[in-house]
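This briefing is for a reader meeting the structure for the first time. Please look over the sequence and the fold before reading the points.

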Amino acid sequence: MDVPDSIEREIILPVPPARVWTALTQADQLGAWFGTRATIDLRPGGEVIFTWDGSTGPRGTSRGVIEAVEPTRRLAFRWQVNLSGEAPMTRVEFTLEPHAEGTRLHVIESGFASLPPELRTRERHVEGWQLELGELAEYLAAA
Amino acid sequence: MNQAVLHEASDAVFAALADPTRRRVLRLVAERGPTSATLLEPELPVTRQAIVKHLAVLNRAGLISGQRSGQEVRYALVPGSLDEASEWIAQIGSRWDERLARLRQVVLEQNP
C-alpha cells in the first residue's frame, strides 16, 4: 500500500541518456513537454521557472530551485505544486539509466503529505476533481 | 457532507499522514487487519507508547477505528477514508503521465 506522499513513474525511452538529458535540461525542450515556457539555470541553487500561458489549462507560474545536477544521470529540483506563486513545496527527482532499448527514466515527486492543507484545497479548486483511483485505492479495494 | 466538512476531514487525514512513522503504522494496520500497539511493537523502531500516540492520531483523523478487546484496543482501517487523498495524488500522477508521453514525442521528434 502506498500512503499518498509521493508519485513515481518510470518509462523507457528509445534514445540514449544524453538525448533525454538534453530534453530535461534545455529550456525550449523542457518547456515543450511540460506544456509551457520554461527557463532553467542548470546548477545546484539555480532557478527553474515554468510559465503556463493558459492555452493548455490554468494560467500560472511555478518557480523551483535546482537541487542536484549530475549530467546524463540525475536532476532534482523543488517546485511549487500549485500555480499561485507560493513557496516551493514538493521535490521532483529524475534518474536516468542506460537501458538495452535506450534509457530508463525514473521520476519521483515527493512531499505531498507535508503540504499545508490550504495549498491542496486551492489546487483542487483550480483543477477540479478527476475521480481516478490511485494505487492505494486499488489496494484498498482489493483488501 | 458539505464541501467545508469534506475539506476539514481531508486536512486531518493529510496532517495524520505527514509523519513517515505514522504512514508506516497505517500501512501495517491496513495489511494486518485489526491489530494493537502491542502487536505492532516488534515491527516498528519506536516504543509502544509512541505507537499508541500514532494510533490515536490516525484514529482522530478517521483513518482507523478501534475496538476494545480485553486489555487492549484493536484498530482496523476505515474503508474509504483515504479515497480523497489518493484521488488528489492520482490527479497529479495523471499529469505526470501526460508530461512523460509528451517527453517521448519530444525526444523522438528531435532525435538526430
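Predicted model: local features only at pLDDT ≥ 70, side-chain atom pairs only at ≥ 80, totals over all residues.

Chain A holds an open sheet of seven strands with antiparallel pairing, and helix 1 and helix 2 of chain A lie across strands of chain A. Chain B has five helices and two strands.

**Confidence in chain A**

- Chain A has a mean pLDDT of 76, and 69% of its residues are at 70 or more.
- The pLDDT is below 50 over residues 121–143 of chain A. Beyond near neighbours in sequence, that stretch has 40 contacts in the model.

**The sheet of chain A**

- The strands of the open sheet in chain A follow the order 1-7-6-5-4-3-2.
- At the edges are strand 1 (6–13) and strand 2 (37–40) of chain A, each of which pairs on one side only.
- On average, and with direction ignored, neighbouring strands of this sheet are turned by 20° against each other.
- Six bridges join strand 4 (residues 60–70) and strand 5 (residues 74–79) of chain A, and the pairing is antiparallel.
- Opposite A:Val69 stands A:Leu75, a residue of strand 5 of chain A.

**The helices across the strands of chain A**

- Helix 1 of chain A covers residues 17–25. The strands of chain A that helix 1 lies across are strand 1, strand 2, strand 5, strand 6 (90–99) and strand 7 (102–110).
- The direction of helix 1 is at about 160° to strand 6 of chain A.
- Helix 2 of chain A, residues 27–34, lies across strand 2 and strand 3 (47–52) of chain A. Helix 2 runs at about 140° to strand 2 of chain A.

**A:Leu24**

- A:Leu24 is found in helix 1 of chain A.
- A:Leu24 counts as buried because 21 other C-beta atoms lie within 10 Å, and the cut-off for buried is 20 or more.
- Leaving aside residues up to four places away in sequence, A:Leu24 touches A:Leu30, A:Leu75 and A:Phe94.
- In sequence, A:Leu24 and A:Phe94 are 70 residues apart. From C-alpha to C-alpha, A:Leu24 and A:Phe94 are 8.7 Å apart in space.

**Chain B**

- Starting at the N terminus, the elements of chain B come in the order α-α-α-α-β-β-α.
- Chain B has 112 residues, of which 32% count as buried.
- Of the contacts in chain B between residues at least 6 apart in sequence, 52% join residues at least 24 apart.

Terms used
Residues numbered from 1 in each chain as written. Chains lettered and ligands numbered in written order. pLDDT = per-residue confidence, 0-100. Contact = placed C-beta atoms within 7 Å. Helix = DSSP H or I, 4+ residues; strand = E, 2+ residues; numbered from the N terminus. Buried ≥ 20, exposed ≤ 12 C-beta atoms within 10 Å, placed from the backbone. Pairing = 2+ DSSP bridges. Axes fitted to C-alpha atoms, helices over the stretch in contact; angles between N-to-C directions.
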